[in-house]
Amino acid sequence: MNPRLLRAVGPVVLLVASIAALVVSLEIAGGASPLALQDPGPVVRWGLPVAKMFVNVGGSVMVGPIVLAVFALKPGEKAFDRTLDVASIGAAVFTVASGVTAYFNYLSSFNPQVSASSEFGDQFGSFLTGTELGTAWLIQTIAGAVVTVLAFAVRGWIPTLVTGVLAVASLVPMATQGHSGDLADHNVVVTSLALHVIGAAIWLGGLLALAIIRSSLDGDRARVVLERYSSLALAMFVVVAFSGVLRSTSSIADPVQLVTTAYGVVLLIKVVMLVAMGALGAWYRRSLIPRSGERNAVFWAVLVLELAFMGIAMGAAAALARSAPPVNEVPPVRQTPAEILTEVPLPPELTPLRFLTEWDIDPLWLLVCGFAIVFYLLGVRRLAKRGDRWPVHRTVLWVLGMLVLAWVTSGPLNAYGHTLFSIHMLLHMLLTMAIPLMLVPGSPVTLAARAIARRDDGTRGGREWILWIVHNPVAKVLTNPIVAALLFVGSLWVFYFTDIFRLVMYDHLWHEWMVVHFLVTGYLFVLSLTGADPVPYRMPYAGRLVTLIVTMAMHAFFGIAIMSQDGLMVAEWFGAMGRDWGPTPLEDQYTGGGIAWSIGEIPTVITAITVAIQWSRSDRREQKRHDRAADRTGDAELAEYNARLAALAERDARRGL
């Protein structure tokens, strides 16, 4: 086997396997079968899944190489430039395929008479700008076009990072449209699908980029890049597997359906391909990467085989998107108000026991918390192996904070937060005030700086990117105590007294943004006052206490303002749930204001006590330093006096006195 030939045929194998799997899967699951009513014709029925498959492939080739370049390569080297060129080509394919998919979706949804008339064009334009489905594909097409230009034009660290963020974001619109809202757990499935698409894109695109740029890397450099990609691939395997399981639960009600239904058989093919790719990845990570030089044909044969497996999985995924799952997608004739608003049934009456039993999983935050705990513990383990100490209380607080974050975002507060204003406020207060009090003392930046290996080849790994985030000018502004306090308090008023609150209730993506925003602003505020991780500037302790007092006052006014409302906030939401249990919506809103005023102040008081303790300890340390300096000064003066006496005694001895 010729390694060069294997690398050359890798992309071809991926494409052929994808098309073959798509055709077979559509035949098995019936995704391209004629419709009983308003059938758009075979061109649309087959063209739509084919276009969707090219969207997936193009998106992978767009995202994966950029992530690989940012994490494993460096600007100025040939491999970096070639990787971004590959990403630009992938983005171009992604853009064209997204536009074609939008067109086929229009034909499939409305079955219009295709013509070159202005009326047809106006109707298509209305579909793109006036419907949720059309707008999503329009945004995705425009974003893909922007990435195409940027990936071709930029070559520096920061422009490439920005391009990568935009490339990842451009995959989200199609994920929001890849699931029927009539299925159960709509938000869970949408989030799972977005994670699934992004994880698969980084995994597949990075592997394909490796096959293309290998000739630009010498033997040792190739081995290092492969090791770094392998670490990315392992993390993405976890993301794809976890999100895939959650996504499948809405389509497969019983595991038996995996073998008794056509949809289940195609899904099972995807599962088998995922397991096979995981096994191949583990094999070459352990055995083949050290021997991945130019003449190691076995390694490249395994890489081509993995590309084939990925192609089969992507073809099957595109077919499943057009196939009916074996669950009832027809909504009930009469939906409850809560189901109309939230797309899920009204939860049962909230009791103390249900704070332990009710769950509404958010896949994104479960993954974030899981990775954060695992990476933190691995860092502590690495320090221990080389004989360095890491305070136990930091580890305990970090793990506890992440567990509480998982409980808040996937537990009863998430389950009832869209139904009860008071629970939403409690979730908010824990995110922005309580959880940061546990995470900040964990000092994750200090741990990362000590535990992650420093790179000396000009590339940027986890350590380098974390330190860049900490030391860049934006971070210096955000960690300024005054700015952090203004964000901490000001965003509360802006959030609840503008339409942002309404957007968060109606749109799950805005809800995710809310969690990120208030977790980060709370973290920055606590970090600017009490953290051990380095920041450019911290106020004197007296200034910190004054800042906390002012913050507590503004927070209390915020809670009182909520309690003083005569009308219901987002009345068409909280007032239209159809609850027949618990307090009235206005009474519940009053309780929410009380939570913001009273319970929300508890973490602030804890922060004030922490600052006071640190101030006292700082004074004691300063006094000890002063005493030691004084002792050293006294010892020096005594030594000088004794030396002078000895000199006088020696002089007198010479004189015979």
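Here are a few notes on aromatic rings, and on one glycine, in this predicted model.

1. Start with G41. You'll find G41 in the loop that joins α1 (3-29) to α2 (42-72). Despite sitting in a loop, G41 counts as buried, because its relative accessibility is 13% and the cut-off is under 20%. Have a look at S108 too: 67 residues separate G41 and S108 in sequence, while their C-alpha atoms are 8.8 Å apart in space.

2. Now the rings. The count of aromatic pairs comes to 31. One of them is Y106 with F127, a tilted pair with 5.3 Å centre to centre and 40° between the planes. This pair links distant parts of the chain, as Y106 belongs to helix α3 (residues 78-110) and F127 to helix α4 (residues 118-130), 21 residues apart. Both Y106 and F127 are buried.

3. F495 and F501 make another pair worth a look. Their planes meet at 45°, so the pair is tilted, and the ring centres are 5.5 Å apart. F495 is buried at 2% relative accessible area, and F501 is buried as well, at 1% relative accessibility.

4. R455 lies over the face of F71, 4.8 Å from the ring centre. R460 lies over the face of W465, at 4.9 Å from the ring centre.

Technical notes: Residues are numbered from 1 along each chain as its sequence is written. This is a predicted model: local features need pLDDT of at least 70, side-chain atom pairs count only at pLDDT 80 or more; totals for chains, interfaces and linings use all residues. Side-chain values use heavy atoms; hydrogens and water are left out. Helices (H or I, at least four residues) and strands (E, at least two) are DSSP runs, numbered from the N terminus. Buried means under 20% relative accessible area, exposed over 50%, partly exposed in between (1.4 Å probe, protein chains only). Rings of Phe, Tyr and Trp (its six-membered ring) pair if their centres lie within 6.5 Å; planes under 30 degrees apart count as stacked, over 60 as edge-to-face and the rest as tilted. A charge sits over a ring if NZ of Lys or CZ of Arg is within 6 Å of the ring centre and within 35 degrees of the ring normal.
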